[in-house]
Amino acid sequence: MEITEVRISLRDNEGKRLKAYATVTFDNSFVVKNIKVVEGNNGLFVAMPARKAKQFCPRCGKKVDLGSRYCNHCGVQLPLPPKDLASTKQATHQDLAHPINQEFRDYLQSKILDAYERERALGPRDSGIEETPEMQS
Ligand SMILES: [Zn+2]
């Protein structure tokens, strides 16, 4: 499968870890939106679109994030989810679409980061505000 288009929407705010959203087209026929370019501790990485798994508070019945210790609506302490479920990030963040092998993950990430660097090099075009691009190692 080939990536035929990557569109980048910069979200380059100082101090924010989220750098951009990417929209990726595969084989000219399938589009995935909301892929994120995130500044991690070891440089930029690509985060696939995900949703947080939810559970219902046993007291007030409102939705809370799976893995939370307390309900953020009524403050009641929540029962701990089963250990094996809570131990991994995959359990609380479910990817909505993602590569299933390392080879394609690397390909996807390099395509997106290349497009991101290109977009950054062009600079902001809509705002009309001059910004000095920061050099990052
Ligand atoms: Zn509650």
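I count a residue as buried if 20 or more other C-beta atoms lie within 10 Å of its own, as exposed if 12 or fewer do, and as partly exposed in between. The model I am reading is a predicted one.

**Entry 1. Overview**

Of the 137 residues in the protein, 11% are buried. I then listed the secondary structure and found eight strands and three helices. Along the sequence they follow the pattern β-β-β-β-β-β-β-α-α-β-α. I also checked the contacts with a separation of 6 or more, and 35% of them join residues 24 or more positions apart.

**Entry 2. The sheet**

I asked in what order the strands of the open sheet lie. The order is E1-E2-E3-E4, four strands with antiparallel pairing. From one strand to the next the twist averages 25°. I noted that H3 packs on this sheet and touches E1, E2, E3 and E4, and that the direction of H3 makes about 45° with that of E1.

E1 and E2 run antiparallel and are joined by seven bridges. Leu-10 has Ala-20 in E2 as its bridge partner.

**Entry 3. The core**

I looked for the largest nonpolar core and found 12 residues in it. They are Ile-8, Ala-20, Ala-22, Val-24, Ile-35, Val-37, Val-46, Leu-108, Ile-112, Leu-113, Ala-115 and Tyr-116. Strand E2 (18–26), strand E3 (30–40) and helix H3 (102–122) supply at least two residues each to this core. Which element gives the most to this core? It is H3, with five residues.

**Entry 4. Helix H3**

I checked the length of H3 against expectation. At 1.5 Å a residue, its 21 residues should span 30 Å, and the end C-alpha atoms are 30 Å apart, which agrees.

I next listed the buried residues of H3: Leu-108, Ile-112, Leu-113, Ala-115, Tyr-116 and Glu-119. Viewed down the axis of H3, these buried residues fall within an arc of 160°, so they line one face of the helix. What do the buried residues of H3 pack against? They pack against strand E1 (3–10), E2, E3 and strand E4 (43–47).

I then turned to the face of H3 directed away from its buried side. That face carries the exposed residues Gln-102, Glu-103, Asp-106, Ser-110, Asp-114, Arg-118 and Ala-121. Just after H3, I found Gly-123 with a positive phi of about 80°.

I found Asn-28 with a positive phi of about 55°, although it is not a glycine. Asn-28 is in the loop between E2 and E3. I counted 9 C-beta neighbours inside 10 Å for Asn-28, so it counts as exposed.

Asn-34 is not a glycine either, and its phi is positive, near 65°. Asn-34 lies in strand E3. It has 14 C-beta neighbours inside 10 Å, so Asn-34 counts as partly exposed.

**Entry 5. The start of the chain**

I asked where Met-1 is placed. Met-1 is in the segment before E1. Is Met-1 buried or exposed? It counts as exposed because it has 11 C-beta neighbours inside 10 Å.

With neighbours within four places in sequence left aside, Met-1 is in contact with Phe-26 and Asp-27. Met-1 and Phe-26 are 25 residues apart in sequence, and their C-alpha atoms are 6.8 Å apart in space.

I also looked up Phe-104, which is placed in helix H3. Phe-104 and Met-1 are 103 residues apart in sequence, with 8.7 Å between their C-alpha atoms. Phe-104 is partly exposed because 13 other C-beta atoms lie within 10 Å.

Note on methods
Residues are numbered from 1 along each chain as its sequence is written. This is a predicted model: local features need pLDDT of at least 70, side-chain atom pairs count only at pLDDT 80 or more; totals for chains, interfaces and linings use all residues. Two residues are in contact if their C-beta atoms, placed from the backbone, lie within 7 Å. A nonpolar core is a set of buried Ala, Val, Leu, Ile, Met, Phe, Trp, Tyr and Cys residues joined through C-beta atoms within 7 Å. The expected span of a helix is 1.5 Å times one less than its number of residues. The arc is that of the directions from the helix axis to the C-beta atoms. Two strands pair if DSSP finds at least two bridges between them. Axes are lines fitted to C-alpha atoms, for helices over the stretch in contact, and angles run from 0 to 180 degrees between N-to-C directions.
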